[in-house]
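These are my notebook entries on contacts between side chains. I set down what I looked up, one topic at a time.

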Amino acid sequence: MIGRFMQRVRRALPAIALAGLAVAAVAAPPAPPARAATDTMAAADHAAKALRDADQFALISGRGSAHACQAGFESLRHAALQGKASDQLLFGALYLHGRDCGSFHLARDDDKAVLYLEHAAIQGRLLAMPALAELEVRRGHALEANVWALAYLHYAVPAQQDTGYPASLLHRTLGMLSKTQNKQVLADANAFILRYNAGIEAGLYRQMLTSARKPTACRLRPVDAHHRVHLPQPFSQIRIRPMQRALVLYLVAFGRDGRVHKLAPVFAVPQWRDARRLRTISGYRRVQPAPACGQALRWALLPVELDNHHYRISGRTGHS
């Protein structure tokens with residue numbers, strides 16, 4: 001009897017299993033569409049990026065809580081260590097001047113500034129070059145200051161003549177050289193360009209490709225048009241008039257209306273007070289409105305040159 005019972009159970013098991021699967025199939029909720037999952041992930045990424053942007057702006061501007069500034073410092077440091085040139089430029093500039101943000105204090109550190117700004121410069125972020133030249137002027141390193149000033153002139157200035165701030169920078173750095181150094185500096189500058197030219201050109205090419213991309217309402221078009229010139233020899237071929245000149249790099253957030261909503265100086269050379277002088281002018285900058293853009297703020301790096309009480313939005317730039 002027990003044997004016949006087990007046979008009936010074995011015959012019934014497949015039917016019971018199939019019935020169970022059918023019930024499970026009916027009761028199981030439909031799987032969420034892949035697009036919905038992608039949209040959720042995109043929204044989360046967007047929210048995280050907006051928070052990082054806000055924390056980093058609090059750090060750079062010095063206006064924010066100590067917690068926000070600490071978070072901005074950590075996220076910017078992480079990105080710089082990952083090798084992103086634009087973040088290395090920002091992170092090095094923090095050490096160039098130092099920052100105070102609530103109870104968060106970042107002391108000026110020339111060695112760390114050089115470390116990150118150099119990595120940015122040899123990846124084609126040309127605005128790191130004048131920052132490095134001014135830093136070496138501050139430290140009294142004549143040869144290093146001139147190498148960076150000449151490299152900036154080589155990659156970013158369209159003609160060997162009076163060209164505003166770059167010419168003023170070179171005028172000051174050349175004045176630091178001794179007769180022996182004056183003979184050595186051109187060889188050092190050309191050796192630097194020979195060694196790092198491939199990386200700098202590759203970085204500029206990537207920036208050019210970004211600039212060539214068709215702009216959308218939500219994406220600013222980066223401006224990064226650089227011209228090449230040969231290093232001058234002798235230096236007397238450059239016409240320089242000592243005037244009041246400066247270069248200030250701002251981190252700017254444009255709103256959907258195309259107006260500047262947030263503005264903070266990243267660095268100002270040769271003096272930090274020039275950032276205050278040009279702040280109002282920079283706040284008048286406008287870009288294409290983007291009322292349908294999902295991004296509340298669009299971030300960019302905006303360099304402004306002061307040339308004997310006249311200003312211009314520089315073409316020698318790189319956008320974040």
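Entry 1: I keep in mind that the model is a predicted one. My search of the whole structure returned 7 aromatic pairs. In one of them, F104 pairs with F73 in a tilted arrangement, with 5.9 Å from centre to centre and 50 degrees between the planes. This pair links distant parts of the chain, because F73 belongs to helix 3 and F104 to strand 2 (residues 104-106), 31 residues apart. I looked up F73 as well, and it counts as buried at 10% relative accessibility.

I then turned to W148 and F192, which form an edge-to-face pair: the centres are 4.9 Å apart and the planes are at 70 degrees. W148 lies in helix 7 (residues 142-156) and F192 in helix 9 (residues 179-212), so the pair ties together parts of the chain 44 residues apart in sequence. Both W148 and F192 are buried.

Which residues form one aromatic cluster? I listed F73, F91, Y95, F104 and Y116.

**Entry 2: the disulfide.** How many disulfides does the count come to? I found 1 disulfide. C69 and C101 form it, with their sulfur atoms 1.6 Å apart. The two cysteines come from distant parts of the chain: C69 is in helix 3 (residues 66-81) and C101 is in strand 1 (residues 99-101), 32 residues apart. I wrote beside this that a disulfide is a covalent bond between the sulfur atoms of two cysteines. Is C69 buried or exposed? C69 is buried, with a relative accessible area of 0%, and C101 is buried with a value of 0%.

**Entry 3: Q88.** I located Q88 in helix 4 (residues 85-97). At 5% relative accessibility, Q88 counts as buried. Its side chain makes a polar contact of 2.8 Å with the side chain of Q123. Setting aside neighbours within four places in sequence, I recorded contacts of Q88 with A80, G83, Y116, L117, H119, A120 and Q123.

**Entry 4: salt bridges.** I noted 7 salt bridges in the structure. One of them joins E134 and R172, whose side chains meet at 2.5 Å, N to O. E134 is buried, with a relative accessible area of 9%, whereas R172 is partly exposed at 27%.

A further salt bridge is formed by R139 with D111, the closest N and O atoms being 3.0 Å apart. R139 is in helix 6 (residues 128-139) and D111 in helix 5 (residues 110-121), so the pair connects parts that are 28 residues apart in sequence. I found R139 to be partly exposed, with a relative accessible area of 28%, while D111 counts as exposed at 55%.

Finally, I examined D110, which forms a salt bridge with R108; their closest N and O atoms are 3.7 Å apart. D110 is buried, with a relative accessible area of 15%. Which residues do salt bridges with shared partners join into one network? I recorded R108, D110 and R138.

Terms used: Residues numbered from 1 in each chain as written. Predicted model: local features only at pLDDT ≥ 70, side-chain atom pairs only at ≥ 80, totals over all residues. Heavy atoms only, no water. Disulfide = S-S within 2.5 Å. Helix = DSSP H or I, 4+ residues; strand = E, 2+ residues; numbered from the N terminus. Buried < 20%, exposed > 50% of the residue type's maximum accessible area, 1.4 Å probe, protein only. Phe/Tyr/Trp six-rings, centres within 6.5 Å; stacked < 30°, edge-to-face > 60°. Polar contact = N/O pair within 3.5 Å; in protein donor to acceptor, adjacent residues only side chain to side chain. Contact = heavy atoms within 4.5 Å. Salt bridge = Lys/Arg side-chain N within 4 Å of Asp/Glu carboxyl O.
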